[in-house]
Structure formats: structure tokens, C-alpha cells
Amino acid sequence: MSTHTAAASASTLAHVRDDFPILSTTTTRGKRLVYLDSAATSQKPRAVIDALSRFYEEYNANIHRGVYEIAARATDAYESARAAVAGFIGADSREIVFTRNATEAINLVAYSWGRSSLRPGDVILLSELEHHSNLVPWQRVAAERGAQLRFIPVDEHGELLLSDLDSLLDGVRLVAITHVSNTLGVMVPVRQIAERAHAAGAVVLVDGAQGAPHLPVDVRALDVDFYAFSGHKMLAPTGIGALYGKRALLEEMPPFLSGGDMIRTVSYRQTTYNEVPWKFEAGTDSVGDAIAFGEAVAYLRRLGMENVRAHERALTAYALERLDELVPRGLTIYGPRDPDRISGVLSFNLGDVHAHDVASILDTDGVCIRAGHHCTMPLMDKMGWTATARASFYIYNDESDIDALVASLRKAADIFKL
Amino acid sequence: MDDFYRDYILDHYRNPRNVGHLDDPDAAAEDTNPLCGDSVRIELRVDGDRRVREIRFTGKGCAISQASTSMLTETVKGMTLDEIAALPKETVLENIGIGISPTRMKCAMLGLRVLKSAAIGRLADWPDET
């Protein structure tokens, strides 16, 4: 990254923190909130919170049904949010299905596409980095369809070993892979993998839960078939996420959940289905949350995702430098330790102190980090880690948050006499 | 909570008591804390009055789960299995002697749950939920 970009990102994101009401609160111990767990969920800016309240205060109504004014307004806002989310990743509106979260988006593909397309003996290629949400659905569908799972291995830093990719792709019908590791922050070369997977005739799904919030994403440039992501990790409320699917694929897939709104005509014995994407949105949608999701991606676009990435890269570089001071006290940082290869996530352990004890001590200083297996138990087993502590960054973090993290880790080392 | 990790807790974490296994134990149980994957196994030898004569544990996890289990193994020597089955969570909290936040309560209670499970011969309820 050039100094020019660093300066640009610093100025663009300098006052972002003020947009997040929760970041000016204090803990019951009177400590400033130092929120370093955005890989679990992000905080929400005032604009998103306001969009949600405005919906309930001014035009709450069910969508796609009512003929009255506020119902029309709600429907417009919901479909505008779909257009905003589509535009954010370079897709068309008709290619965006609203779901509860990335997990539900992946399950949609597993149960709709997977159940109807996978045949006995087909191979699903995953990586050893996968979050449980991009592993367990495939285990279930594979068991049901008689398909097999295969895994792209990782090296000791958690980076994919791609030298044997072409032979790994033999017999593969689906590649389902994460964009960014939620445990190590490792960025996966999705475009390169998709190109080779397509050459081998496979369909490509990307778990973008940690990608879309942090990196510029253009699904056309990546040329992936499905891209799943959660709103709540990118400034939107919980309970809303999205699945991008290439239109031709979505068209040929059977419905996932069924019921109201996803139909065209229904008789007692038979149903014809709605067009995509509405075919996949059964029942009353999370309307207010979807509208707020639209506001969230508009907020991120105003900042510019290149600037978001530059900010997080600079923060990661600073964190790696500061955390190095604690290596003599027993700190071990996992992953590539290179800000150009990771996206805003650092996993570590402090001497023989269990990650939960580290997190508890940091909590007394208002420093919020995650501790545990991060829903990647197979990766933890492979690496031989019982648990790790994880700090993750987003647009509202700055160097003072890293300084607070380091000071609190020093205190933990003191308490445990390291 | 600045006094959360008192010296005796660190001592039990780093030098746990009654660690290991028994040959052919009369009762045993193990479990995992679903929150964080902490695990504990406890093995018991009892006499004719169903009193605990020997106790050993193995486990991995945080200081709270491992130290509380270590302390518990000292507390219950000589108790009958029925007495163990009726132990309240306060026994563990008194052993630890510090405030435990709700999010860490399962860590603190893992050892007691496993011990009670060994005493009654089936998986016991979480002590903090009963």
C-alpha cells in the first residue's frame, strides 16, 4: 500500500467512530468500550439504526401484498435495499435472495441445488479453513446424496496449498470455500480457484461472511456462482443476509422453504412458483432489517471499500508491530503475520493462559475479544490448538484500540506471572 | 475482578491436585463445556459405605474450569456418593472464592457436573441451571 492510499484512508475514515453510538458508551466498570470482535458481529452506525426505527415508526407494513400507501412504500424500500445490496457486490437485483444470514444462504444452496443436483459419487471440495456454516450443511447433503467431501489442505500458517488443486478438482461438482478465514484472517484467492474449478466443470460457492464486510467484492470479476454473506457483520442488523446466485442457476433450482409469497398460483393439489429471487423468499421477510441492510451497504459505499481495506490493512500492520512487544512475555500470533495476506483478524495465545482467561481479563478493561474455537473446530484440531484468542478490526477501530489491547494483554501476563 | 485470578487459583491451574487415572475405577464420568470446549474426566474409587477413597481427574481448558475441578477433588474426599449428588453449586463458588460472571459459570461448574454425573451414573444437569 502506498503512503498516498494510507493518507486517503486515514482522512476518509477519521470520523467514522463518531457515527457509532455504542462506541461512546462505557462498561459497568467505567471503561471505554474497545470493540475488537467485529468478525463475530459489527457495531451499527446511527444511519442504520435510524433506518430501522423509521421503518417501524413511519411505514411498517407487509410487502408485495397491500395496495395502500405505506405498503407500497415498504415494498419499494425493500426492493431498493435489494438493489443496493446487489450493486454493492456488482450483481443484478434479480440475483440477490434475502436470507437470515450467510448460514441460511449456504443452507439454501445445499438443500435446493445440492439435493437436486448432487449424485452418488460426486465430490464436494471444501478447504480446511471452513467455518462450521460452510461445512456442516455439506456433510448433511453429502450423506443424503451419497456424495463425498474433499478438502484443500492448509499450511502451518493457514494458507491454502493450491499446488495440487487440479488433481483435487477431479470429479468435483461443487467447490464451497471461504473468502476470508474467520479464525486467521487469511484471504483466499477465490478468483483463481473459481477459474480452475470452472475449467473442471464445477460450480463455485463462496462463503463471503468475512469477505463482503472488509474487501471490495465484484462477483462478476470473481466469477463465482454463489456468494453468501451476512448483514450483521457489515453494519446491518442481525437477522438479515443475502445469497448471490447467477440467474441461470437460480432459475433452474427448486424452492428451498415454501409457503406464502414464493408462489404464483396455488390450488389444493398444485403450485406454480414465483420468479427469482422471490421464489426463494417464503413467508413475510425481515423487511425492516433488509431496509437497514440497504442503508448499511450505502454507508460502506460512501466510505469506499478500497478505503476500508486500506484502513484495516494499516491497522493490522500496526497491531502486528505492537503485539510483537509481547512475544518475550509468551505471546504467539497465528497465521501469516503479513498485513497483505490477512484481513483484519489476528488469532493468538498468551503463554499457558487459556484464551478464555485472557478474554476475561481483557473484559475488565472494556476490551472485547473472542476466545474459543471460532466455529472452526476441525481447523483447531489440525493446528493442535485447544482455543485461541481473536482480535478483529473494522472501520471504527483505530490505533488507540490496539494500544488498549496491548496494555490489557500486558496486565494479563502480569496476573499470570508470565 | 482484578482479584479474579488469585494466587491459589493459578496454583491449582498450574499444579492441579489428584491428576491422573485409577485402575478399574468404581465410577467415572466426563463432559465438555459446549461454550468453549473445556473438558474434564473424573474417576472415583469408593469403599463399602460408598465413600470416596480415591479420586483422579484429567482435563484441559481455562484456569477457572481446571482450578475449580482440582479444588473440588480435595473437597469431596471422604464424602458419600449421595452427598456428592446433593452438592450445591455454592461449594464450588466458595472454593473459588471470587465472583464468577454469568458467561464463565459453565467453566466453573464443569467439574461439579462431571463429579455428580459419576456419582449418579448418568449425565447430571448443569449445577447453575438447577
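Strand 12 of chain A and strand 15 (residues 388-392) of chain A pair in the antiparallel sense over four bridges, where two strands count as paired if DSSP finds at least two bridges between them. Helices (H or I, at least four residues) and strands (E, at least two) are DSSP runs, numbered from the N terminus. The model is predicted, and for that reason local features need pLDDT of at least 70 and side-chain atom pairs count only at pLDDT 80 or more, while totals for chains, interfaces and linings use all residues. Residues are numbered from 1 along each chain as its sequence is written, and chains are lettered from A and ligands numbered from 1 in the order in which they are written.

**Strand 12 and its partners**

- In strand 15 of chain A, A:Ala389 is the bridge partner of A:Phe348, and A:Phe348 in strand 12 of chain A also has A:Ile333 standing opposite.
- Strand 11 (residues 331-333) of chain A runs antiparallel to strand 12 of chain A, and three bridges join the two.
- Strands of a sheet pair through backbone hydrogen bonds, in either a parallel or an antiparallel sense.
- Six of the six residues of strand 12 of chain A are buried, a residue being buried if 20 or more other C-beta atoms lie within 10 Å of its own, exposed if 12 or fewer, and partly exposed in between, with C-beta atoms placed from the backbone.
- Both faces of strand 12 of chain A are covered, with A:Val345, A:Ser347 and A:Asn349 buried on one side and A:Leu346, A:Phe348 and A:Leu350 buried on the other.

**The seven-stranded sheet**

- Chain A holds an open sheet of seven strands in the order 2-8-7-6-5-3-4, with mixed pairing.
- The edges of this sheet are strand 2 (96-99) and strand 4 (148-152) of chain A, each of which pairs on one side only, and the twist from one strand to the next averages 20°.
- Strand 7 (residues 226-230) and strand 8 (residues 241-245) of chain A are paired in the antiparallel sense over five bridges, and A:Phe229 stands opposite A:Ala242 in strand 8 of chain A.
- Helix 5 (residues 136-145) of chain A lies across strand 3 (123-127), strand 4 and strand 5 (172-178) of chain A, and runs at about 145° to strand 4 of chain A; axes are lines fitted to C-alpha atoms, for helices over the stretch in contact, and angles run from 0 to 180 degrees between N-to-C directions.

**Chain A as a whole**

- Chain A contains 14 helices and 15 strands, and buried residues make up 51% of its 418 residues.
- A compact globule of 418 residues would have a radius of gyration near 22 Å, and the 22 Å of chain A agrees with this; the radius is taken over C-alpha atoms, and the globule rule is 2.2 Å times the number of residues to the power 0.38.
- The C-alpha trace of chain A spans about 70 × 55 × 40 Å along its principal axes.
- Among contacts in chain A between residues at least 6 apart in sequence, 72% join residues at least 24 apart, two residues being in contact if their C-beta atoms, placed from the backbone, lie within 7 Å.

**Two domains in chain A**

- Chain A is divided into domain 1 (3-30 + 304-415) and domain 2 (86-284), with bounds that come from an automatic or database domain assignment.
- The centres of domain 1 and domain 2 of chain A, taken over C-alpha atoms, are separated by 28 Å, and the contact takes 22 residues from domain 1 and 19 residues from domain 2.
- On the side of domain 1 of chain A that touches domain 2 of chain A, the elements that give two or more residues are helix 11 (305-323), strand 12 (345-350) and helix 13 (377-383) of chain A, and helix 11 gives the most, with five residues.

- In the contact between the chains, 11 residues of chain A meet 13 residues of chain B, and helix 12 (residues 355-363) of chain A gives the most to the side of chain A that touches chain B, with three residues.
- A:Ser167 lies in helix 6 (residues 165-168) of chain A and is exposed, because 7 other C-beta atoms lie within 10 Å.
- B:Arg6 has its place in the segment before helix 1 (7-14) of chain B, and is partly exposed, with 13 other C-beta atoms within 10 Å.
- Leaving aside its neighbours within four places in sequence, B:Arg6 is in contact with B:Gly97 and B:Ile98.
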